[in-house]
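This briefing is for a reader new to the structure shown below.

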Amino acid sequence: VVEILRSHGLNAEGIDIASAMINYAVKRNPGVRFIVGDFLEADYKTAEIDAAVLYAFLHLFPKEIAVQCIEKILTITKHDGVIFIGTTKSDVSSEGYEEKADYGTQAQRFRKRWTKQELETLFYDHALRVVNYEENTDEFGKVWMDFVVQKTN
């Protein structure tokens with residue numbers, strides 16, 4: 001994503017708790033600032049960024065922590081800033097540890113299953129306006145909800 005944003009003339013940086021992911025990103029994007037660390041602990045200035053990308057991110061955390069991430073993003077995003085949020089669509093809200101079926105191993109991981117309505121309520125409660133919504137099906141048959149939301153206060 002950083003590579004795409006930069007190809008359109010935008011300044012971009014990344015953060016990930018996994019150093020292997022950051023190493024990969026640095027190789028693809030020399031000269032770009034990347035942080036190995038916990039987003040909730042990282043030090044950002046208030047109203048510092050124009051946009052944030054949370055693709056395949058929110059479903060990795062319990063709802064309580066996902067909400068904390070949204071709230072932090074709102075503090076560091078400029079007025080009228082936008083946030084792209086992409087996560088898989090579920091018919092029923094749930095969270096807990098489960099087997100990751102498309103890995104070919106018996107790997108267990110935490111998973112929050114979001115419904116469209118649940119995310120829309122989260123956005124409304126945090127003064128985020130949905131400016132675009134699309135659903136896409138990946139090669140594993142998962143339906144992804146891709147939201148672009150805008151900060152309104």
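Leaving aside its neighbours within four places in sequence, which residues is Thr77 in contact with? Thr77 is in contact with Ala47, Ile49, Asp50, Val82 and Lys151, apart from those neighbours within four places in sequence. The model is predicted.

**Overall fold**

- The protein has four helices and eight strands, and along the sequence they follow the pattern α-β-α-β-β-α-β-β-β-α-β-β.
- The radius of gyration is 16 Å, close to the 15 Å that the globule rule gives for 153 residues, so the protein is as compact as a globular protein of that length.
- The C-alpha trace spans about 35 × 35 × 30 Å along its principal axes.
- Of the 153 residues, 35% are buried.
- Among contacts between residues at least 6 apart in sequence, 60% join residues at least 24 apart.

**Nonpolar cores**

- In soluble globular proteins, nonpolar side chains tend to be buried together.
- The largest nonpolar core has 24 residues, of which Leu54, Leu58, Ile70, Ile83, Ile85 and Leu119 touch the most other members.
- At least two residues of this core come from each of strand E3 (49-55), helix H3 (63-76), strand E4 (77-88), helix H4 (116-125) and strand E8 (143-151).
- H3 gives the largest share of this core, seven residues.
- Not counting residues up to four places away in sequence, Ile70 touches Leu54, Leu58, Ile85, Leu122, His126 and Leu128.
- A second, separate core has six residues, including Val2, Ala12, Ile22 and Ala25.

**Helix H3**

- The 14 residues of H3 should span 20 Å at 1.5 Å a residue, and this agrees with the 20 Å between its end C-alpha atoms.
- Its buried residues are Ala66, Val67, Cys69, Ile70, Lys72, Ile73, Leu74 and Ile76.
- These buried residues of H3 pack against E3, E4, H4, strand E7 (128-137) and E8.

**Two residues of strand E4**

- Thr77 is found in strand E4, and it counts as buried because its relative accessibility is 1%, where buried means under 20%.
- A polar atom of the Thr77 side chain lies 2.5 Å from the backbone oxygen of Ile73.
- His79 also lies in strand E4. Is His79 buried or exposed? At 52% relative accessibility, His79 counts as exposed, since the cut-off for exposed is over 50%.
- His79 touches Thr152 and Asn153, not counting residues up to four places away in sequence.
- The side chain of His79 makes a polar contact of 3.3 Å with the side chain of Asp80.
- The C-alpha atoms of His79 and Phe34 are separated by 24 Å, and the two residues are 45 residues apart along the chain.

**Salt bridges**

- Side chains of opposite charge can pair when their charged atoms come close.
- How many salt bridges does the structure hold? The structure holds eight salt bridges.
- One of them joins Glu13 and Arg33, with the closest N and O atoms 3.0 Å apart. Glu13 lies in the loop between helix H1 (2-7) and strand E1 (14-16), and Arg33 in the loop between helix H2 (19-28) and strand E2 (34-36), so the pair ties together parts that are 20 residues apart in sequence.
- Glu13 is partly exposed at 34% relative accessible area, and Arg33 is partly exposed at 44%.
- Arg113 and Glu98 meet in a salt bridge of 2.4 Å, N to O. Arg113 lies in strand E6 (residues 108-113) and Glu98 in strand E5 (residues 94-99), so this pair ties together parts that are 15 residues apart in sequence.
- Arg113 is partly exposed, with a relative accessible area of 26%, and Glu98 is partly exposed, with 25%.
- Lys116 forms a salt bridge with Glu120, and their closest N and O atoms are 3.6 Å apart. Both residues lie in helix H4, four residues apart, about one turn of the helix.
- An α-helix has 3.6 residues a turn, so residues three or four places apart point the same way.
- Lys116 counts as partly exposed at 28% relative accessibility, and Glu120 counts as partly exposed at 32%.

Methods: Residues numbered from 1 in each chain as written. Predicted model: local features only at pLDDT ≥ 70, side-chain atom pairs only at ≥ 80, totals over all residues. Heavy atoms only, no water. Core = buried A, V, L, I, M, F, W, Y, C linked by side-chain atoms within 4.5 Å. Buried < 20%, exposed > 50% of the residue type's maximum accessible area, 1.4 Å probe, protein only. Contact = heavy atoms within 4.5 Å. Expected span 1.5 Å × (residues − 1). Polar contact = N/O pair within 3.5 Å; in protein donor to acceptor, adjacent residues only side chain to side chain. Salt bridge = Lys/Arg side-chain N within 4 Å of Asp/Glu carboxyl O. Rg over C-alpha atoms; globule rule 2.2 N^0.38 Å.
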